[in-house]
Amino acid sequence: MEEKPFFTYRKIQFVPKSQLVDVSVGAKHLAIGLQNKTLLKIQPNQMREETITENDLTKSVSSSSIVHRVFLDPTGQHILVSLSPRDTADSPAELLYMKNGVPNEKLSKPRLVSRAKGQLITAVGWNPNHSSDESTGPILLGTKNGLLFETELKSDEGFFQSGIEQYFKQLPYLPVFWESEYEVLIFDVGKGQPTRITGIEFHQCNRSDGIGYFIFVTTMTRFYQFIGSVNSEDTRPLLVNVMNMYLNMPEKFWEFPSSDVHVEHLLKTKPLQIWKPHLKLAPSHFAWLTTSVIVCGKIDVSSDHSESVVQNRKSIHFESFAADSAGKPLVPRAIGLTEFHLVLLYSDRVVAVCILNEQPVYETTFREVKFLGMTGFSSGHFWAYSDRSVYEYSISDEKRNMWRVYMDLGRFDEAKSHCRGNESKLNTIMIRQAEHLLENRKFEESAKCFAETKLSFEEITLKFLELKQTEALRVYLLKRLSMLKPEMVTQASLIVLWSLELFLQELGTQRDAEKLFDSSQTSSWNNFKKFIKHPQVHMTMKCNKKAVYNLISSHGDKSALLECALEVGDYYKVLDEYVQENQYKEALEFLEAKRSAELYYRYIGPILVAIPEEAFVILIKIGHLLNPSLLLPSLTACAAEGSSKNAGFVVRYLEHCIKKLDVRDPAIHHFLLSLLVKESPEKVLVYLQEQGNDPSEIPYCLQTALRICLAGGPAQDRSLIWLYRLLERYEESVEKALSINAIDLAKETANQVVDDDVMRKRLWLKIARHIIEEENDISRALQMLQSCEQLKLEEVLPFFPDFTTIDLFRGALCSSLQAYSDHLDQLKEEMDEATKSAEAIRQEISIVKSRPILIKSNEKCSICHKTLLISSVYIFPCSHHFHADCLEAEVLPQLSGIKKERIHDLKRQLASLSTKDDTSSIKSGSKSEHDTLKEEIDEILAGDCLYCGDLMIDSVDKPFSIEDSLEVQLRQWS
């Protein structure tokens, strides 16, 4: 597809009534000065002839003057027309001002700038910060004779004002008396020779001493810069302070001698051009046309400048851009400036040249047109004009090939910024940049650029391998790694392992060459550590730890192996290496730093054996972090290997756990007890007593502690006494105490027996027998009778020797006999009291049985709730009354099987008795067999009230329903 050209043009459709003299553009308004002193106003979007407005200037100026230049401000609101005399004998030069009104309407009435009379204005510097249509704001006027004026023009004259000029000052300005209407001090730009000012521009810039301004003034051969500051933008005249600085110092300018080429046409154009991204923004660069070269440069207003705001100035020779039929180079009639191009206007053609590489990019030739000048260059448009026509040019996407221009110039960053997201262009730039860096032997930077290209991985890696640039290859691999997608795991593993191999080779070579086994101080080592800390390298190594470890191990680099293990958080591998290399102190320091309980449990064992003192200091220091129970295998190994000193460290740690950490694990206590029995027997009893004498609160197992102490031999006899006592094996405790002749311990044990008098008595008898038989101390044995009340003299007597005299225990014997006598008297009193109590109870029972009870006629049975006196009844003192049949029906099922059989048997016997026998027994006055059977039945059935007696209490735990009806009940409730 053919690219659209940078510039397209069209001819403005109008036919002027006279020849065009000058054209000026502002805000897409065209002001055209004609030779017949007519001013045309055209809007480019309204190009029909009937929309063109004409303004006749003949009535406002002298008849002998002609239009010289037309100046339209950038906002399109103010127009200045400079008029020159036809010859020097005619009337002086004049300057007209007009306000641009509403589109399609005529301009305001032309007004003469009276104070400019006699000065041919050849250049105007409009105020870029002023946008009011009421006045022009401060502007600069340049003359044919090289004079520079500052003025401000108002569209309406004031009541007391003689002209439209607010002020009119020549620069530099000093208040001296002169014959004219204003004070002047001539500033001779031409140094005695009339020098035409061809261009003026002024804009704000940064200054530390106020509001900064810079002024560009050009002649045919010189480019002047004036830089200074003002106190306020409201100061009038505004730029007087800027120019006054140069009264006592030489002005700054560049000079380019004029060539021999006839350049009369340059006097009617604007050779100074600036380009701004926007009307309200500061200019970014400029171009100045001379008779020999075109001078270009950047404008920097951001810094505090004192001498120049121009940077990167360069000269472009235009000899090769156009030539006549004879091959002679042509001088452009005018120039225009865009962001990246210079537009050169010749009499018969328009040529566009790239500023950066000075290469032509566009050319249009016109056969029947002879161009006079060119203007505009704002909003993507410019206009070229001849004496009878105007052509509008539109600038179309001039940036599109700038990426290639910047790339060819080696300005790659700027080239990338003009790619507009085009990946193909960006790839081309990156390849060119990478190759450029490679040619300049900047291998690492080149590797980074190659990584961002789409060139094949193999091609680039082979390139660096051939050049033996290992470091650049590593940079390339790491860059490519960072560009991989998360799912490209295989590619990431390959790159990381290859990079790691390169690092290990370099470290190994350096270590072998310099005998530097501690490589931690070298730059290669630092680069290696930086490499493995890269996020993607870290993740890849973490997923391929085995491959990484095997690779590093093949190089025998322990330092690199430890560093990689640390980076991926494989602390087990780190400690494995430390322990295998017998670097126990380093391992302990690592454990202390990480404070991981799991690491301690796994690796503290060999460390305790190797450096017990330092290790136990750390264990005590970290306190509650560890569970001592899980350390038992390591503690056991430490105590088993090495000297008793190791066991002492273990004992100290276990005591710390028990006393400070309140560890209650029986295994810890058993291990400590076994160590104390072996290493410090004298501390065993102290330890046992410290744990208390309440078996439910003791943290160790008593049986286990007993077995440990039994293995300790005679040295632990007293500990055994204590343990037997806690186990309530008092006889063994007393026997062990008596075996070592510890009578006091035996007595303490005997006194602890409180609830078992038989046991207590037996223990004291053992103690007494030991004292009598072993110590032959009768008096001490007799004293024991006072310690145990259950112990009697007659029980101790068999232990005395056969020939012991009675005098030794006469007192004890008398006391014993008296105690027996008192006890017999007490028993007799208790028997008398019991007899009296039994007699009283019998009397009370008899009274209760014979007590009458009053029954009302309307009393109801407590079971069936029917009238009570319709049949035989049972009456109870508790006020419950039952029919005999009802009571029997309720009580009989609750009786035991034996009593049920007894009831049935009694009823059979009762039924077998005849009425005759009963009558005879009644007559005889003695209790008959019938009555006896009846009383026994009553005793079984009515011995207690059904509701208040023992029968009811015994039936509390019985269910309400019998088993036979349980299923029926469940179905009813479901």
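Here's a quick tour of some salt bridges in this structure. Keep in mind that you're looking at a predicted model.

**Arg-236 and Glu-152**
- These two form a salt bridge, with their closest N and O atoms 3.0 Å apart.
- The pair links distant parts of the chain, 84 residues apart: Arg-236 sits in the loop between strand 16 and helix 1, while Glu-152 belongs to strand 12.
- Arg-236 is partly exposed, at 35% relative accessible area, but Glu-152 counts as buried because its 10% falls under the 20% cut-off.

**Lys-479 and Glu-452**
- Here the closest N and O atoms of the salt bridge are 3.5 Å apart.
- Lys-479 is in helix 7 and Glu-452 is in the loop between helix 5 and helix 6, so this pair ties together parts that are 27 residues apart in sequence.
- Lys-479 is partly exposed at 28% relative accessibility, and Glu-452 is partly exposed at 38%.

**Glu-748 and Arg-725**
- The side chains of Glu-748 and Arg-725 meet in a salt bridge, at 3.7 Å from N to O.
- Glu-748 comes out as partly exposed at 41%, whereas Arg-725 is buried at 9%.

Terms used. Residues numbered from 1 in each chain as written. Predicted model: local features only at pLDDT ≥ 70, side-chain atom pairs only at ≥ 80, totals over all residues. Heavy atoms only, no water. Salt bridge = Lys/Arg side-chain N within 4 Å of Asp/Glu carboxyl O. Helix = DSSP H or I, 4+ residues; strand = E, 2+ residues; numbered from the N terminus. Buried < 20%, exposed > 50% of the residue type's maximum accessible area, 1.4 Å probe, protein only.
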